[in-house]
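Reader: Could you take me through the terms used for this structure, setting each value against its definition?

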Amino acid sequence: MKIAFVGTGVMGQGMVANLLQAGHQVTIYTRTKAKADGLLALGASWAASPAEAARFFLENRPRGFVPRPLPKLVDQFLAEQEGQFAAM
């Protein structure tokens, strides 16, 4: 399964690691890339922005999307898509 995951804090780290170990293709975005280094080493792909993560999700839907960040980050993710989610 292809999954976009926004926010890899304390909870997100473990969730993404489990998804990767289960064989899923996970693209991640978090505000501080260095904090995602361990997940990138496990095979996660990096999205340079919330918009890039959203594009990955939209290109692969309905495969999966798991938001786990601060509400402000989710708002940014959705706003950068200029209404594309309304068409889903």
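Author: What follows is a set of questions about the labels, each answered from a value and a cut-off.

Author: This is a predicted model, in which local features need pLDDT of at least 70 and side-chain atom pairs count only at pLDDT 80 or more, while totals for chains, interfaces and linings use all residues. Residues are numbered from 1 along each chain as its sequence is written, and side-chain values use heavy atoms, with hydrogens and water left out.

Reader: What is the mean pLDDT of the protein chain, and where is confidence lowest and highest?

Author: pLDDT is the predictor's confidence in each residue, on a scale from 0 to 100. The mean for the protein chain is 79, and 68% of its residues reach 70 or more. Confidence is lowest in strand S4 (residues 65-67), with a mean of 54, and highest in H2, at 97. Where pLDDT is low, the predicted coordinates should not be read in detail.

Reader: How do you know which helices and strands the protein chain has, and in what pattern do they follow along the sequence?

Author: Helices (H or I, at least four residues) and strands (E, at least two) are DSSP runs, numbered from the N terminus. By that rule the protein chain has four helices and four strands, and reading along the sequence gives the pattern β-α-β-α-β-α-β-α.

Reader: What makes S1 and S2 a pair, and in which sense do they run?

Author: Two strands pair if DSSP finds at least two bridges between them. S1 and S2 have five bridges, in the parallel sense, and within S2 the bridge partner of Phe5 is Ile28.

Reader: Why is the pair of Tyr29 and Trp46 called tilted?

Author: The search of the whole structure finds one aromatic pair. Rings of Phe, Tyr and Trp (its six-membered ring) pair if their centres lie within 6.5 Å, and planes under 30 degrees apart count as stacked, over 60 as edge-to-face and the rest as tilted. For Tyr29 and Trp46 the ring centres are 5.9 Å apart and the planes stand at 35°, so the pair is tilted. Because Tyr29 lies in strand S2 (residues 25-29) and Trp46 in strand S3 (residues 45-46), the pair ties together parts that are 17 residues apart in sequence.

Reader: Why is helix H3 described as largely enclosed?

Author: Eight of the 11 residues of helix H3 (residues 50-60) are buried, so the helix is largely enclosed by the rest of the structure. Among them are Phe56, Phe57 and Leu58. Pro50, also found in helix H3, is buried with a relative accessible area of 2%. The C-alpha atoms of Pro50 and Val6 are separated by 7.1 Å, although these residues are 44 residues apart along the chain. Strand S2 is likewise largely enclosed by the rest of the structure, because four of its five residues are buried.

Reader: Why do Thr8 and Thr30 count as buried, and what do they touch?

Author: Thr8 has its place in the loop between S1 and H1, and its relative accessible area of 4% is the reason why Thr8 is buried. Thr30 is found in the loop between S2 and helix H2 (37-42), and at 12% relative accessibility Thr30 counts as buried. Contact means heavy atoms within 4.5 Å. Not counting residues up to four places away in sequence, Thr30 touches Gly7, Thr8, Ala36 and Trp46, while the residues that Thr8 touches include Gln13, Tyr29 and Thr30.

Terms used
Buried < 20%, exposed > 50% of the residue type's maximum accessible area, 1.4 Å probe, protein only.
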